[in-house]
Amino acid sequence: MISEDDLLPYIRSANRQTQLDALKALKNSVIGHTEQKAFYLDQGVLDDLLGIINLQPEIYNDRLACECRAEAGIVLSSFAHSDLDIAACLLTPATIPTLARTLVSSSPPSLLLASLRTLTKLYTTFYSPSLSRDNPGLPRTISELIRHFTEEYMANPTHNTAQVLTLLGNLITLTAPPYSEALSQLSEFAVTPLQRLVLFLLLSEYRTCLLFRRERKLLSTSVLALSHVLTPHSVRQLCGNTNLTAALLDLLRDESSDVRIASAALITKFYTCMDSHVETSNPGAAAVTRAAYNEQYALALVPTLMKLLDDGLAHEDKVVIDPLVLHTLAIVCREGGKTADRCVEAGLISKVVSVVVQIAPYDFNPNVSTFENDSKILAGGLLCLAALGLHKEDNRKAIIDAGGLMAVVAVMNLENVPSVRDIKIAACNVLRTLSRSVVLLRATLVESGIVGGVVDLLGDSSSSSTTLSDDAIATSFDCSRFNNGQSGLGSGSWGATRSSNDGPVARSQIYESKEVEQQLEVRTAAMAAVCNLVLEFSPLRKPIIDKGILPLIVAGAKSNYAPLRVNAVWALKHMVCGDDMHTKGLVIDELGFPLLMRLCDDVEVDVQEQALDFIRNLVAGSEVFIDKLFAQVGVDRVFELIDRKLAISEIGYYESAEAGEERGRMQITKYQSNIIVCAIYILVNIAAGYENHRKTIMEHSSVLKRVIELMSHERDEVRLACLWVIVNITWAEDPLTMLLRDNEESSGGASGDVGMASFCDNPANGVYSQRALILQRLGVEEQLMKLRNDRVVNLREKAKTAIDQLHSLLGQPEETVGAGDDSFHMMEIG
């Protein structure tokens with residue numbers, strides 16, 4: 001018998017039997033005893049355990065060596081399932097790679113299970129994007145194991161295999177957050193085996209056997225894992241399987257709440273990933289539309305989710321809700337429509353507000369150990385409120401009336417500790433949703449005290465914003481859907497601006513890296529909330545600027561963290577939207593034209609789009625800033641930028657290649673046309689300036705040719721923007737105003753009416769007629785005649801206006817179209 005006080009020499013023994021006995025004694029000594037774990041870790045036992053686990057494959061046939069590896073794995077798992085300080089000691093550069101090497105089908109079953117449990121615990125407790133980046137091969141390893149054990153389980157279902165598959169399913173959701181490279185790998189390799197496993201569990205005679213009734217956890221975990229890795233392409237394959245969807249609907253009434261939640265999550269994933277039409281698996285059957293599919297399953301989803309929520313609220317002493325229920329409700333409600341309406345009718349707003357109000361800490365310094373358990377529930381509840389308020393003003397008002405804003409303010413003013421990172425992001429999403437309301441901006445939000453919280457979030461560790469590379473992972477839980485929503489351009493006009501109210505290691509080193517990344521993610525969400533608060537009509541705009549937010553936003557625009565950079569430029573775009581010339585000056589002076597031009601060619605297309613929109617808003621209705629742009633950047637460089645943006649032919653695919661070439665082309669077209677529209681509206685606003693600004697456009701014929709070519713573009717927004725360029729270029733400025741200004745410039749301030757009569761008598765003479773002739777030679781009239789019969793009414797009317805103005809400059813008779821006056825008004829998109 002080996003004494004527990006002297007185990008390390010025996011653990012380090014070259015005699016395998018001695019080593020095995022010592023490992024068993026160590027296991028008995030540390031399980032359930034934190035002090036013993038700390039003692040042995042201080043003595044360096046971790047390196048010993050990893051060394052034993054890492055024994056070379058050629059000794060696998062050695063029974064004692066295999067047993068030693070298994071016992072070492074079990075001891076390591078015990079350390080991982082201890083308190084936070086003990087578990088954190090396992091986060092060395094060697095731990096996860098060592099465990100990953102055991103994830104092969106030939107490993108001893110007990111070692112494989114122990115390694116999976118340890119990895120699950122470490123990723124649950126200490127996840128950060130750096131864990132995924134430092135272990136890039138883990139997703140592929142997990143996928144291969146799922147494939148192997150799925151085949152083994154389908155051939156011979158056993159409890160041990162079910163345990164392995166359950167742990168693998170848990171690891172999928174833990175190691176691959178949304179929008180990460182790890183998820184892309186899992187989606188590529190794990191979808192097919194998971195589909196086979198779920199279909200086997202749901203559609204075979206296996207469901208009637210006793211083992212299946214014991215393995216409910218395998219079913220719920222597999223369904224959840226499948227919903228996590230599904231892509232739009234794989235959704236199209238699955239959602240048309242009527243047998244599968246019928247089985248999932250049956251699971252919504254299952255006795256296990258975990259199974260009901262998993263089924264709801266998968267059904268929700270179906271219709272959120274669905275194309276506009278869904279092909280069925282039955283030949284000759286009609287395709288199902290997304291809207292019809294959504295409505296069809298709303299009746300089943302909403303009662304199930306609401307019942308799960310009510311069950312969690314039924315406990316008198318505390319809230320006991322699976323966070324996934326709230327997250328799924330948030331996804332269900334995110335797109336609005338009848339499903340969200342049914343949830344509101346069922347009292348979801350008041351119920352969720354009661355949850356967040358009950359859990360939210362109002363002392364701004366919560367006890368981390370007790371608060372950590374509730375933070376996921378609070379984050380899910382806040383995201384649910386953000387989704388509910390996304391589309392309807394009545395819902396936003398109901399959130400305020402129920403006391404939701406009070407919880408948001410409390411969360412945003414919390415001390416920055418790791419456990420509050422997700423809830424701060426969620427709170428920022430709620431604030432962004434509420435700030436879409438002009439009424440709330442001018443009333444409730446002004447009095448809420450939210451300004452200090454927002455500025456403080458952006459100011460925390462601002463210098464860390466440049467520490468990550470451009471491939472940094474985006475914010476969690478579909479935050480990009482809130483952060484990167486697209487707004488319509490409306491019928492932009494003279495001085496048209498654009499804005500949108502969506503406006504989207506060693507232990508100490510690991511903690512530091514995680515803290516930096518968490519701060520960046522929180523700052524990204526806070527920046528998204530700022531976008532709506534700095535619009536011209538917002539009464540919070542001046543208090544936020546006075547609080548010193550502008551340098552913080554510009555610092556975000558310089559960040560290497562792409563999501564933060566996007567939202568920062570978005571916020572700057574909103575700050576220069578409108579007639580406030582003083583604020584425009586402050587912003588461009590702080591940002592600087594050199595940085596602005598670099599942002600217009602950013603590696604991220606979303607950043608390019610926002611930067612181009614910034615220029616659009618900056619020069620809208622402001623001849624002073626048109627001249628300043630030309631002076632600071634250079635006229636030729638400005639038009640060279642516009643020319644490049646109009647000539648783009650390839651942006652890149654924004655989905656996995658398996659999504660299909662046609663869908664990939666649609667994505668390319670979408671991002672191309674967004675950039676094109678942004679660039680054209682810069683021209684629209686330059687053409688809305690003085691006569692010399694229009695003359696400058698005419699002098700850059702390559703840009704003008706591209707605009708005329710794009711008048712036949714397939715997207716309505718592109719054709720409309722091109723029409724506005726032509727309308728503005730062919731608009732004849734008041735002759736007296738133009739002559740007075742030109743005479744002042746040429747005579748040092750003197751003015752007169754020389755040539756006025758002849759100009760008015762013969763409008764076909766001079767610069768206007770020359771401009772019209774140039775446009776005519778470039779083929780604009782032919783394009784306008786085609787657009788006069790466009791399928792879009794607004795485009796037809798704008799084309800008629802442009803034709804009338806062109807003919808007028810040429811001295812030809814005007815057509816009576818009744819729509820020529822609207823080109824003389826300035827319109828801002830707010």
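This is a predicted model: local features need pLDDT of at least 70, side-chain atom pairs count only at pLDDT 80 or more; totals for chains, interfaces and linings use all residues.
1. **Geometry of the helix pair.** Two packed helices are described by the angle between their axes and the distance between the axes. Here the pair is α32, residues 549-557, and α34, residues 581-591. Their axes lie 10 Å apart and meet at an angle of about 45°. The two helices are therefore oblique to each other. The crossing of α32 past α34 is right-handed.

2. **Residues at the helix contact.** From α32, the contact takes in Leu550, Pro551 and Val554. From α34, the partners are Leu586, Val587, Glu590 and Leu591. By class, this contact has 6 nonpolar residues, 1 charged residue and no polar ones. Glu590 of α34 is among the residues that meet α32, and glutamate counts as charged.

3. **Salt bridges overall.** Side chains of opposite charge can pair when their charged atoms come close. Across the whole structure, the search finds 32 salt bridges.

4. **Aspartate 311 with lysine 307.** These two form a salt bridge, and their closest N and O atoms are 2.9 Å apart. Both residues sit in helix α19, which spans residues 290-313. They are 4 residues apart, about one turn of the helix. Aspartate 311 has a relative accessible area of 33%, so the residue is partly exposed. Lysine 307 is also partly exposed, at 45%.

5. **Aspartate 546 with lysine 542.** This salt bridge has an N to O distance of 2.7 Å. Lysine 542 has 57%.

6. **Glutamate 717 with arginine 715.** The side chains of this pair meet in a salt bridge at 3.1 Å, N to O. Glutamate 717 is partly exposed, with a relative accessible area of 32%. Arginine 715 stands at 22% relative accessibility. Buried means under 20%, so arginine 715 counts as partly exposed.

Conventions:
Residues are numbered from 1 along each chain as its sequence is written. Side-chain values use heavy atoms; hydrogens and water are left out. Axes are lines fitted to C-alpha atoms, for helices over the stretch in contact, and angles run from 0 to 180 degrees between N-to-C directions. Angles under 35 degrees count as roughly parallel, over 145 as roughly antiparallel, 65 to 115 as roughly perpendicular and the rest as oblique. A crossing is left-handed if the near helix is turned anticlockwise from the far one by less than a right angle, and right-handed if clockwise. Contact means heavy atoms within 4.5 Å. A salt bridge is a side-chain nitrogen of Lys or Arg within 4 Å of a carboxyl oxygen of Asp or Glu. Buried means under 20% relative accessible area, exposed over 50%, partly exposed in between (1.4 Å probe, protein chains only).
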